[in-house]
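Subject: Structure handover

Hello,

Please find the structure below, with its sequence. Some notes on what was found in it follow.

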Amino acid sequence: MAPIISIKDLTKTYASGTPALDSVNLDIAEGEIIALLGPNGAGKTTLIGAICGMVKITSGTVTVGGFDVERDPRKARAQIGLVPQEIALDIFETVWNSVKMSRGLFGYKPDDAYLEGILRSLSLWDKKDAKNMELSGGMKRRVMIAKALSHEPKVLFLDEPTAGVDVALRRDMWEVVRKLRDAGVTIILTTHYIEEAEEMADRIGVINAGKILLVEDTATLMQSFGLKTLKLSLAEPLANTPASLSDYDLALSDDQMTLTYSYDTRAERTGITRLISDLATAGISVRDLESHQSSLEDVFLTLVEEKA
């Protein structure tokens, strides 16, 4: 099956000569959730703008649903729903009229049954006659999503969808996104919340300085960076690590009260049992143990630092 979005050798260079995107190649499958991670200025917003036809491409091609964004911009744009980070609503308008108007802007005939389905799926139906000014921040963001879905797009862009939303509402929003994916909508989201990408995305793309550093299945990415650390709290200070333990990847804390052991979860043996035995042989008493799995944030920082 052809990808719903296909990006080939995409480059964007501004008039000043500053490169914003550098030979980006990316295919996005229909019905997946892909998260784009990157620091401020990495090129995430420029990439979204290029796909949505809002940023003029310097070179390369982008197709959405088979339509080239430059040669057939209207048909390409019709495939896309865009939810920007900033909430932009007519505060005096009702929820229902806001969504109905958005559908009309794309030239679609009225379909009240379809719009009702969207509002119900976003838990907005009981708010349809409320004015936007009366809604909470979380509800306003849902209205933005409803507006973006009003013209039946195949692709939905969510730019920092839970920015400024508390933890409970953030998790509610995650559930909304999953339901949209289950309904067949392809979702591309940018986020600063590493937990959000790890929790929701089928694949994760890391972008920095206009380049895609990596695109990988979330589970595979986490497995490939399978480093774990074991912190061993010592009963007494240790001046230095004995030579008998030199075969282990150990780091002694500045206060001499903690040894940190790094190991690979993919290895056939972790070496923990042997380490504990060798510590006892060396006369080192361990008071407590604490393990830590590498998080997506660790992976992200490692990738950015390696490519810097």
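Of the 308 residues in the protein chain, 44% count as buried, where buried means under 20% relative accessible area, exposed means over 50%, and partly exposed lies in between (1.4 Å probe, protein chains only). This is a predicted model, in which local features need pLDDT of at least 70 and side-chain atom pairs count only at pLDDT 80 or more, while totals for chains, interfaces and linings use all residues. Residues are numbered from 1 along each chain as its sequence is written, and side-chain values use heavy atoms, with hydrogens and water left out.

The secondary structure of the protein chain comes to 10 helices and 14 strands; these are DSSP runs numbered from the N terminus, helices being H or I with at least four residues and strands E with at least two. Among contacts in the protein chain with a separation of 6 or more, 68% are between residues 24 or more positions apart, a contact being heavy atoms within 4.5 Å.

Helix packing

Two packed helices are described by the angle between their axes and the distance between the axes. Axes here are lines fitted to C-alpha atoms, for helices over the stretch in contact, and angles run from 0 to 180 degrees between N-to-C directions.

Helix α3 (residues 95-105) packs with helix α4 (residues 112-121) at an angle of about 125°, and their axes are 11 Å apart. That makes α3 oblique to α4, since angles under 35 degrees count as roughly parallel, over 145 as roughly antiparallel, 65 to 115 as roughly perpendicular and the rest as oblique. On the α3 side the contact is made by V95, W96, V99, K100 and R103, and on the α4 side by D112, Y114, L115, E116 and L119. By class, this contact of α3 with α4 has 6 nonpolar, no polar and 4 charged residues. Ala, Val, Leu, Ile, Met, Phe, Trp, Tyr, Cys and Pro count as nonpolar, Asp, Glu, Lys and Arg as charged, and the others, Gly among them, as polar.

Helix α3 also meets α5: their axes come within 7 Å and cross at roughly 30°. The two helices, α3 and α5, are therefore roughly parallel to each other. This crossing of α3 and α5 is right-handed. V95, S98, V99 and S102 in α3 meet V143, A146 and K147 in α5. The residues of that contact of α3 with α5 divide into 4 nonpolar, 2 polar and 1 charged.

Salt bridges

Side chains of opposite charge can pair when their charged atoms come close. A search of the whole structure finds 11 salt bridges, each a side-chain nitrogen of Lys or Arg within 4 Å of a carboxyl oxygen of Asp or Glu.

One of them joins the side chains of E152 and R103 (2.9 Å, N to O). E152 lies in the loop between α5 (137-149) and β7 (155-159) and R103 in helix α3, so the pair, 49 residues apart, links distant parts of the chain. R103 is buried, at 5% relative accessible area, whereas E152 is partly exposed at 36%.

K128 forms a salt bridge with D129, with the closest N and O atoms 3.1 Å apart. K128 is partly exposed at 22% relative accessibility, and D129 is exposed at 58%. E175, R178 and E199 are linked in a network of salt bridges.

Regards

Technical notes:
A crossing is left-handed if the near helix is turned anticlockwise from the far one by less than a right angle, and right-handed if clockwise.
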